[in-house]
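Hi everyone, thanks for coming. Have a look at the screen, and I'll talk you through what I've been looking at.

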Amino acid sequence: MIPTGLPRTVHADLSRVIESLGMITPRWNVQILTTVAERPLRYTEIKARMPWLQDGQLHPKLRRLTAAGLVERTEHGTRHVSYGLAARGAELMPVLTVIAAWGGTHLEKPAPHQPDAAGAPTATAVQDIEDSLVLIAYRHATPILWSLQARGPSSAKAVAADAMPGHGLSAVYPRLRQLVEDRLVDTDGEEADYRLAPPGRDLAPVYRALSAWAAGRPLAAAAAHSVWGRLSAPSQSVTGMWASASSRLPAPAANTPLAVQTTPSAQWRAGELFSHQGRIPARMPAVASAGGHRR
(Lines give C-alpha, C1' and ligand atoms only; values in the text may rest on other atoms or scores of the structure.)
Protein backbone atom coordinates (compact mmCIF):
# COMPACT_ATOMS: atom_id res chain seq x y z
CA MET A 1 0.00 0.00 0.00
CA ILE A 2 1.19 3.50 -0.76
CA PRO A 3 2.05 5.68 2.25
CA THR A 4 -0.43 8.48 2.94
CA GLY A 5 -1.48 10.53 5.92
CA LEU A 6 -5.19 10.00 5.19
CA PRO A 7 -7.48 8.10 7.59
CA ARG A 8 -7.04 4.33 7.48
CA THR A 9 -10.31 3.53 5.70
CA VAL A 10 -9.67 6.22 3.09
CA HIS A 11 -6.06 5.09 2.75
CA ALA A 12 -7.07 1.49 2.01
CA ASP A 13 -9.62 2.58 -0.58
CA LEU A 14 -7.17 4.98 -2.23
CA SER A 15 -4.48 2.29 -2.37
CA ARG A 16 -6.84 -0.08 -4.18
CA VAL A 17 -7.72 2.64 -6.69
CA ILE A 18 -4.06 3.44 -7.36
CA GLU A 19 -3.29 -0.25 -7.79
CA SER A 20 -6.17 -0.51 -10.27
CA LEU A 21 -4.89 2.49 -12.21
CA GLY A 22 -1.51 0.79 -12.40
CA MET A 23 -3.17 -2.21 -14.08
CA ILE A 24 -5.10 -0.34 -16.76
CA THR A 25 -3.04 2.79 -17.43
CA PRO A 26 0.05 1.32 -19.17
CA ARG A 27 0.14 2.34 -22.78
CA TRP A 28 -2.21 0.38 -25.09
CA ASN A 29 -3.80 -1.67 -22.28
CA VAL A 30 -7.20 -0.03 -22.75
CA GLN A 31 -6.93 -0.52 -26.50
CA ILE A 32 -6.23 -4.23 -26.01
CA LEU A 33 -9.08 -4.68 -23.53
CA THR A 34 -11.63 -2.98 -25.76
CA THR A 35 -10.34 -4.92 -28.79
CA VAL A 36 -11.19 -8.27 -27.17
CA ALA A 37 -14.35 -7.02 -25.44
CA GLU A 38 -16.83 -8.11 -28.13
CA ARG A 39 -15.55 -11.66 -28.45
CA PRO A 40 -12.38 -13.70 -27.89
CA LEU A 41 -9.80 -13.23 -30.64
CA ARG A 42 -6.76 -15.13 -31.76
CA TYR A 43 -3.42 -13.43 -31.43
CA THR A 44 -3.21 -12.82 -35.17
CA GLU A 45 -6.62 -11.12 -35.10
CA ILE A 46 -5.57 -8.83 -32.27
CA LYS A 47 -2.33 -8.07 -34.08
CA ALA A 48 -4.26 -7.22 -37.25
CA ARG A 49 -6.36 -4.69 -35.32
CA MET A 50 -3.31 -3.17 -33.64
CA PRO A 51 -0.66 -3.36 -36.39
CA TRP A 52 1.47 -0.63 -34.81
CA LEU A 53 2.43 -2.98 -31.95
CA GLN A 54 5.33 -5.33 -32.52
CA ASP A 55 5.23 -8.91 -31.25
CA GLY A 56 7.74 -7.96 -28.57
CA GLN A 57 5.24 -5.38 -27.29
CA LEU A 58 1.91 -7.18 -27.71
CA HIS A 59 2.91 -10.57 -26.26
CA PRO A 60 4.14 -9.16 -22.90
CA LYS A 61 1.06 -6.95 -22.56
CA LEU A 62 -1.28 -9.87 -23.12
CA ARG A 63 0.68 -11.90 -20.55
CA ARG A 64 0.46 -9.13 -17.97
CA LEU A 65 -3.24 -8.53 -18.56
CA THR A 66 -3.82 -12.27 -18.24
CA ALA A 67 -1.79 -12.41 -15.03
CA ALA A 68 -3.81 -9.46 -13.69
CA GLY A 69 -7.03 -11.39 -14.28
CA LEU A 70 -8.39 -8.98 -16.89
CA VAL A 71 -7.84 -11.17 -19.95
CA GLU A 72 -8.51 -14.88 -20.26
CA ARG A 73 -6.27 -17.04 -22.42
CA THR A 74 -7.98 -20.16 -23.79
CA GLU A 75 -6.23 -23.01 -25.58
CA HIS A 76 -8.59 -24.61 -28.09
CA GLY A 77 -6.04 -26.96 -29.58
CA THR A 78 -2.61 -27.09 -31.12
CA ARG A 79 -1.65 -23.60 -32.28
CA HIS A 80 -5.16 -22.29 -31.56
CA VAL A 81 -5.25 -19.89 -28.63
CA SER A 82 -7.75 -17.10 -28.09
CA TYR A 83 -7.80 -14.08 -25.79
CA GLY A 84 -11.00 -12.64 -24.39
CA LEU A 85 -12.15 -10.63 -21.41
CA ALA A 86 -12.04 -12.45 -18.09
CA ALA A 87 -14.91 -11.77 -15.69
CA ARG A 88 -12.81 -9.09 -13.99
CA GLY A 89 -12.12 -7.43 -17.33
CA ALA A 90 -15.80 -7.46 -18.27
CA GLU A 91 -16.60 -5.76 -14.95
CA LEU A 92 -14.12 -3.03 -15.88
CA MET A 93 -15.91 -2.07 -19.11
CA PRO A 94 -18.63 0.12 -17.54
CA VAL A 95 -15.89 1.85 -15.53
CA LEU A 96 -14.11 2.69 -18.79
CA THR A 97 -17.39 4.10 -20.08
CA VAL A 98 -17.52 6.47 -17.08
CA ILE A 99 -13.92 7.56 -17.76
CA ALA A 100 -14.71 8.08 -21.46
CA ALA A 101 -17.67 10.30 -20.51
CA TRP A 102 -15.42 12.48 -18.32
CA GLY A 103 -12.84 12.71 -21.10
CA GLY A 104 -15.53 13.55 -23.65
CA THR A 105 -16.53 16.52 -21.50
CA HIS A 106 -13.18 17.82 -20.30
CA LEU A 107 -10.47 16.78 -22.76
CA GLU A 108 -9.95 19.24 -25.56
CA LYS A 109 -8.92 18.01 -28.97
CA PRO A 110 -6.81 20.09 -31.36
CA ALA A 111 -9.81 20.49 -33.68
CA PRO A 112 -13.46 19.43 -33.80
CA HIS A 113 -13.92 15.79 -34.69
CA GLN A 114 -14.36 15.23 -38.40
CA PRO A 115 -16.43 12.21 -39.47
CA ASP A 116 -14.94 9.76 -41.91
CA ALA A 117 -16.65 8.60 -45.12
CA ALA A 118 -18.94 6.28 -43.13
CA GLY A 119 -19.96 9.06 -40.77
CA ALA A 120 -17.99 7.66 -37.82
CA PRO A 121 -15.76 10.00 -35.77
CA THR A 122 -12.03 9.80 -36.36
CA ALA A 123 -11.25 10.31 -32.66
CA THR A 124 -12.26 7.42 -30.41
CA ALA A 125 -13.46 6.92 -26.89
CA VAL A 126 -10.36 4.80 -26.30
CA GLN A 127 -8.20 7.88 -26.79
CA ASP A 128 -10.39 9.82 -24.34
CA ILE A 129 -10.01 7.04 -21.77
CA GLU A 130 -6.25 6.76 -22.16
CA ASP A 131 -5.68 10.52 -22.12
CA SER A 132 -7.87 10.86 -19.02
CA LEU A 133 -5.95 8.11 -17.25
CA VAL A 134 -2.65 9.85 -18.02
CA LEU A 135 -3.80 12.86 -16.00
CA ILE A 136 -4.86 11.03 -12.85
CA ALA A 137 -2.27 8.24 -12.85
CA TYR A 138 0.64 10.68 -12.82
CA ARG A 139 2.69 10.12 -9.68
CA HIS A 140 0.92 11.44 -6.55
CA ALA A 141 -1.85 13.04 -8.64
CA THR A 142 -4.65 10.85 -7.30
CA PRO A 143 -3.62 11.10 -3.61
CA ILE A 144 -3.46 14.90 -3.95
CA LEU A 145 -6.88 15.05 -5.59
CA TRP A 146 -8.35 12.84 -2.85
CA SER A 147 -6.78 15.03 -0.17
CA LEU A 148 -8.26 18.20 -1.65
CA GLN A 149 -11.66 16.53 -2.03
CA ALA A 150 -11.59 15.38 1.60
CA ARG A 151 -10.17 18.60 3.10
CA GLY A 152 -11.47 21.30 0.82
CA PRO A 153 -9.16 24.28 0.18
CA SER A 154 -5.80 23.44 1.72
CA SER A 155 -2.24 24.62 2.05
CA ALA A 156 0.56 22.84 0.26
CA LYS A 157 1.81 21.70 3.65
CA ALA A 158 -1.51 20.03 4.48
CA VAL A 159 -1.69 18.36 1.07
CA ALA A 160 1.88 17.10 1.42
CA ALA A 161 1.09 15.61 4.84
CA ASP A 162 -1.88 13.74 3.36
CA ALA A 163 -0.59 12.70 -0.04
CA MET A 164 3.20 12.62 0.21
CA PRO A 165 4.28 11.82 3.77
CA GLY A 166 7.99 11.19 3.98
CA HIS A 167 8.73 13.72 1.23
CA GLY A 168 10.00 17.20 1.88
CA LEU A 169 7.51 20.03 1.47
CA SER A 170 9.31 21.21 -1.66
CA ALA A 171 8.40 17.95 -3.40
CA VAL A 172 4.67 18.70 -3.43
CA TYR A 173 4.92 21.99 -5.33
CA PRO A 174 5.84 20.50 -8.75
CA ARG A 175 2.93 18.06 -8.40
CA LEU A 176 0.52 20.84 -7.51
CA ARG A 177 1.78 23.02 -10.37
CA GLN A 178 1.21 20.15 -12.80
CA LEU A 179 -2.34 19.64 -11.55
CA VAL A 180 -2.99 23.38 -11.87
CA GLU A 181 -1.62 23.30 -15.41
CA ASP A 182 -3.86 20.32 -16.17
CA ARG A 183 -6.80 22.32 -14.73
CA LEU A 184 -7.69 19.74 -12.12
CA VAL A 185 -6.66 22.09 -9.31
CA ASP A 186 -7.14 25.84 -8.85
CA THR A 187 -5.11 28.30 -6.81
CA ASP A 188 -5.07 32.05 -6.28
CA GLY A 189 -1.39 31.88 -5.49
CA GLU A 190 -2.05 32.02 -1.77
CA GLU A 191 -0.33 29.46 0.46
CA ALA A 192 -3.59 28.16 1.96
CA ASP A 193 -5.69 28.11 -1.20
CA TYR A 194 -5.25 25.01 -3.33
CA ARG A 195 -8.64 23.55 -4.23
CA LEU A 196 -10.23 21.28 -6.82
CA ALA A 197 -11.13 22.97 -10.10
CA PRO A 198 -14.52 22.07 -11.65
CA PRO A 199 -13.02 19.30 -13.85
CA GLY A 200 -11.30 17.92 -10.75
CA ARG A 201 -14.60 17.84 -8.86
CA ASP A 202 -16.20 16.17 -11.87
CA LEU A 203 -13.81 13.24 -11.40
CA ALA A 204 -16.15 12.08 -8.62
CA PRO A 205 -18.01 9.49 -10.76
CA VAL A 206 -14.68 8.26 -12.14
CA TYR A 207 -13.20 7.67 -8.70
CA ARG A 208 -16.46 6.24 -7.36
CA ALA A 209 -16.52 3.74 -10.24
CA LEU A 210 -12.83 2.85 -9.84
CA SER A 211 -13.29 2.42 -6.09
CA ALA A 212 -16.25 0.08 -6.54
CA TRP A 213 -14.44 -1.99 -9.18
CA ALA A 214 -11.23 -2.16 -7.14
CA ALA A 215 -13.17 -3.47 -4.14
CA GLY A 216 -15.04 -6.03 -6.24
CA ARG A 217 -18.38 -4.29 -5.77
CA PRO A 218 -20.99 -3.80 -8.53
CA LEU A 219 -20.90 -0.43 -10.25
CA ALA A 220 -24.30 0.38 -8.70
CA ALA A 221 -22.36 0.73 -5.44
CA ALA A 222 -20.55 3.72 -6.95
CA ALA A 223 -23.55 5.98 -6.29
CA ALA A 224 -22.00 6.99 -2.96
CA HIS A 225 -18.46 7.25 -1.67
CA SER A 226 -16.94 8.29 1.65
CA VAL A 227 -14.71 10.90 0.00
CA TRP A 228 -16.31 11.63 -3.36
CA GLY A 229 -19.87 11.89 -2.09
CA ARG A 230 -23.11 10.82 -3.69
CA LEU A 231 -23.99 10.74 -7.37
CA SER A 232 -25.02 14.24 -8.45
CA ALA A 233 -25.01 16.51 -11.47
CA PRO A 234 -21.56 17.49 -12.83
CA SER A 235 -20.07 20.85 -11.92
CA GLN A 236 -20.76 23.64 -14.36
CA SER A 237 -17.29 23.68 -15.86
CA VAL A 238 -16.45 25.38 -19.13
CA THR A 239 -15.81 23.09 -22.07
CA GLY A 240 -12.96 24.34 -24.18
CA MET A 241 -10.41 24.84 -21.45
CA TRP A 242 -8.78 21.44 -21.86
CA ALA A 243 -6.14 20.10 -24.19
CA SER A 244 -5.61 16.37 -24.11
CA ALA A 245 -2.28 14.67 -24.14
CA SER A 246 -1.22 14.29 -27.75
CA SER A 247 -2.84 11.21 -29.19
CA ARG A 248 -0.86 8.02 -28.82
CA LEU A 249 -3.06 6.21 -31.31
CA PRO A 250 -1.93 5.71 -34.92
CA ALA A 251 -3.82 6.76 -38.02
CA PRO A 252 -7.58 6.85 -37.45
CA ALA A 253 -8.20 4.28 -40.17
CA ALA A 254 -6.72 1.62 -37.89
CA ASN A 255 -9.10 2.45 -35.05
CA THR A 256 -12.55 1.13 -34.29
CA PRO A 257 -15.05 3.98 -33.75
CA LEU A 258 -16.50 3.92 -30.25
CA ALA A 259 -19.59 5.45 -28.77
CA VAL A 260 -19.46 7.30 -25.47
CA GLN A 261 -22.15 6.71 -22.88
CA THR A 262 -22.48 10.08 -21.19
CA THR A 263 -23.87 8.87 -17.87
CA PRO A 264 -22.50 6.17 -15.58
CA SER A 265 -24.34 2.88 -15.89
CA ALA A 266 -24.24 -0.26 -13.83
CA GLN A 267 -25.16 -2.26 -16.93
CA TRP A 268 -22.87 -2.98 -19.84
CA ARG A 269 -23.19 -5.33 -22.73
CA ALA A 270 -20.43 -6.61 -24.97
CA GLY A 271 -20.25 -4.38 -28.01
CA GLU A 272 -21.73 -1.27 -26.35
CA LEU A 273 -18.50 0.65 -26.70
CA PHE A 274 -18.24 -0.50 -30.29
CA SER A 275 -21.61 0.69 -31.55
CA HIS A 276 -21.30 2.63 -34.81
CA GLN A 277 -24.59 4.35 -34.08
CA GLY A 278 -23.18 6.45 -31.27
CA ARG A 279 -21.20 9.57 -32.02
CA ILE A 280 -18.63 11.38 -29.92
CA PRO A 281 -19.71 15.04 -29.74
CA ALA A 282 -17.32 17.55 -31.27
CA ARG A 283 -15.56 19.87 -28.86
CA MET A 284 -14.52 23.44 -29.31
CA PRO A 285 -10.86 24.25 -30.02
CA ALA A 286 -8.81 25.02 -26.93
CA VAL A 287 -9.13 28.55 -25.61
CA ALA A 288 -5.79 28.33 -23.87
CA SER A 289 -2.98 25.84 -24.10
CA ALA A 290 -3.06 23.31 -21.29
CA GLY A 291 -1.36 20.08 -22.15
CA GLY A 292 -1.64 16.77 -20.36
CA HIS A 293 1.29 14.51 -19.64
CA ARG A 294 3.16 12.86 -22.46
CA ARG A 295 4.35 9.30 -22.21
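I'll start with the whole chain and then go through a few parts of it.

First, some ground rules. This is a predicted model, so local features need pLDDT of at least 70 and side-chain atom pairs count only at pLDDT 80 or more, while totals for chains, interfaces and linings use all residues. Residues are numbered from 1 along each chain as its sequence is written, and side-chain values use heavy atoms, with hydrogens and water left out.

So what is the secondary structure of the protein chain? We have 11 helices and seven strands.

The protein chain has 295 residues, and 50% of them count as buried. Buried means under 20% relative accessible area, exposed means over 50%, and partly exposed is in between, with a 1.4 Å probe and protein chains only. The chain exposes about 13600 Å², with carbon and sulfur atoms supplying 53% of that. Those areas come from the Shrake-Rupley method with a 1.4 Å probe, and for residues only the protein chains shown count as cover.

Now contacts, which are heavy atoms within 4.5 Å. Take the contacts in the protein chain with a separation of 6 or more: 68% of them are between residues 24 or more positions apart.

Let's go inside. A nonpolar core here is a set of buried Ala, Val, Leu, Ile, Met, Phe, Trp, Tyr and Cys residues joined through side-chain atoms within 4.5 Å. The largest one has 69 residues, and those with the most contacts inside it are Ile136, Ile144, Leu145, Tyr207 and Leu210. Helix α5, residues 87-106, gives this core its largest share, eight residues. And which residues does tyrosine 207 touch? Leaving out residues up to four places away in sequence, they are Val17, Ile136, Thr142, Leu145, Trp146 and Trp228.

Next, find helix α8, residues 156-163. Why do I call it largely enclosed by the rest of the structure? Because six of its eight residues are buried. They are Ala156, Ala158, Val159, Ala160, Asp162 and Ala163. Their cover includes α7 (141-151), α9 (172-181) and β5 (194-196).

On to helix α4, residues 55-67. Its 13 residues reach 18 Å from the first C-alpha to the last, close to the 18 Å expected at 1.5 Å a residue. That expected span is 1.5 Å times one less than the number of residues. Leu58, Pro60, Lys61, Leu62 and Leu65 are buried in α4, and the buried residues pack against α1, α2 (29-35), α3 (43-49), β2 (71-77) and β3 (80-85). Just after α4 comes glycine 69, with a positive phi of about 85 degrees.

Stay with β3, which is mostly covered, five of its six residues being buried. Strands pair if DSSP finds at least two bridges between them. Strand β1 (residues 41-42) runs antiparallel to β3 and is joined to it by two bridges; leucine 41 has tyrosine 83 as its bridge partner. β2 is antiparallel to β3 too, with six bridges, and glutamate 72 stands opposite glycine 84. β2 and β3 make a hairpin with two residues between them, and arginine 79 in that turn has a positive phi of about 60 degrees.

Last topic: salt bridges. How many does a search of the whole structure find? Seven. The rule is a side-chain nitrogen of Lys or Arg within 4 Å of a carboxyl oxygen of Asp or Glu.

One of them links aspartate 13 and arginine 16, with the closest N and O atoms 3.8 Å apart. Both sit in helix α1 (residues 8-24), three residues apart, about one turn of the helix. Aspartate 13 is buried at 7% relative accessible area, whereas arginine 16 is partly exposed at 33%.

Another joins aspartate 193 to arginine 195, at 2.7 Å between the closest N and O atoms. Aspartate 193 counts as buried at 16%, and arginine 195 as partly exposed at 24%.

Technical notes
Helices (H or I, at least four residues) and strands (E, at least two) are DSSP runs, numbered from the N terminus.
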